[in-house]
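This report describes the architecture of one protein chain for a reader who is new to structural description. Please keep the sequence and the model in view while reading.

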Amino acid sequence: MEIIHKYFPNLTEEQTQQFQRLSELYKDWNLKINVVSRKDIDELYVRHVLHSLGIAKIQAFKPGAKVMDVGTGGGFPGIPLAILFPETQFHLVDSIGKKIKVVQEVSEGLQLQNVKVTNARVETINDQYDFIVSRAVAQMETFARWVRNSVAKKSVHELKNGILYLKGGDLTQELSLFPKATIYNLQDYFEEDFFETKSVVHLPVKYRG
């Protein structure tokens, strides 16, 4: 938990308590439904929570903004971001029901009022969002096709509306089709070794009415 305070020192008492409770909730649920690998559960705050919050270092979400987390799995990056931005609305979507059950229970356990959870394929979601966030659930070409109708028209943030994608490794070939994509290396923001090869990719997506 100290590592979250290291990089986000201005947390409220409530946010601090919510981040502290994350570990207990995930360890409990992981015994029933394996949503975080056994190896990673002991590194939850670095490999999952702080990694998710890397998106916040690239773009702070404004009050009233709408963000969809596609393929949220166990709730990453959506739940840590929802704690950090309590006035932003988060929609966490996954096609696997048992994972969504964990996300729902964790969200309720943290008493998050700004999280909506849906068990569905993203293509069936009929709504628009300022940003679509995710942790590398597919190649960017495929992912961009899935969410191209889900991006709102009017941008109100520093970055243009679109995708904020947590990715790892060399992205040169994968992003060659996307000249407007910007890669932000997380090692510029976090000093832990885990982040050496981790990035946030921002891809603006034009509204399709």
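## The sheet

Seven strands form an open sheet with mixed pairing, in the order β3-β2-β1-β4-β5-β7-β6. Strands β3 (115-119) and β6 (182-185) stand at the edges with a single partner strand each, so one side of each has no neighbour in the sheet. From one strand to the next, the twist averages 20°. Helices (H or I, at least four residues) and strands (E, at least two) are DSSP runs, numbered from the N terminus, and two strands pair if DSSP finds at least two bridges between them.

This is a predicted model, in which local features need pLDDT of at least 70 and side-chain atom pairs count only at pLDDT 80 or more, while totals for chains, interfaces and linings use all residues. Residues are numbered from 1 along each chain as its sequence is written, and side-chain values use heavy atoms, with hydrogens and water left out.

Strand β5 (residues 162-168) and strand β7 (residues 198-204) pair in the antiparallel sense over 7 bridges. Within this pairing, G168 stands opposite K198, and G162 has P204 as its bridge partner. On the other hand, β4 and β5 pair in the parallel sense over 5 bridges, with S134 opposite Y165. The pairing of β6 and β7 is antiparallel over 4 bridges, and there N185 stands opposite S199.

Burial is described by relative accessible area: buried means under 20%, exposed over 50%, and partly exposed in between (1.4 Å probe, protein chains only). In β5, 6 of the 7 residues are buried, so this strand is largely enclosed by the rest of the structure. The count for β7 is also 6 of the 7 residues, so β7 too is largely enclosed. As a general point, the side chains of a regular strand alternate between the two faces of the sheet.

## Helices on the sheet

Helix α4 (residues 44-58) lies across β4 (131-135), β5, β6 and β7, and runs at about 140° to β5. Helix α6 (residues 97-109) packs on the sheet by touching β2 (89-94) and β3, and its direction makes about 165° with that of β3. Axes are lines fitted to C-alpha atoms, for helices over the stretch in contact, and angles run from 0 to 180 degrees between N-to-C directions. Contact means heavy atoms within 4.5 Å.

In helix α7 (residues 140-147), M140, F143, A144 and V147 are buried. These residues cover an arc of only 100° around the axis, which puts them on the same side of α7; the arc is that of the directions from the helix axis to the C-beta atoms. An α-helix has 3.6 residues a turn, so residues three or four places apart point the same way. The buried residues of α7 pack against β1 (66-70), β4, β5 and β7.

## Helix α2 and its partners

The axes of α2 and α4 come within 11 Å and cross at roughly 125°. That angle makes α2 oblique to α4, because angles under 35 degrees count as roughly parallel, over 145 as roughly antiparallel, 65 to 115 as roughly perpendicular and the rest as oblique. The crossing is right-handed; a crossing is left-handed if the near helix is turned anticlockwise from the far one by less than a right angle, and right-handed if clockwise. Here F19, Q20, L22, S23 and Y26 in α2 meet L44, Y45, V49 and L53 in α4.

Helix α2 also packs with α6 at an angle of about 145°, the axes being 10 Å apart. This crossing, too, is right-handed. In α2, R21, L22, L25, Y26 and W29 meet K101, V102, E105, V106 and G109 in α6.

E24 belongs to helix α2 (residues 13-32) and counts as exposed at 60% relative accessibility. Between E24 and V106 there are 9.9 Å in space, C-alpha to C-alpha, although they are 82 residues apart in sequence.

P80 lies in helix α5 (residues 78-84) and is buried, with a relative accessible area of 0%. Not counting residues up to four places away in sequence, P80 touches F19, V49, S52, L53 and G75. T72, in the loop between β1 and α5, counts as buried at 2% relative accessibility. With residues up to four places away in sequence left out, T72 touches L92, V93, D94, I100 and V103.
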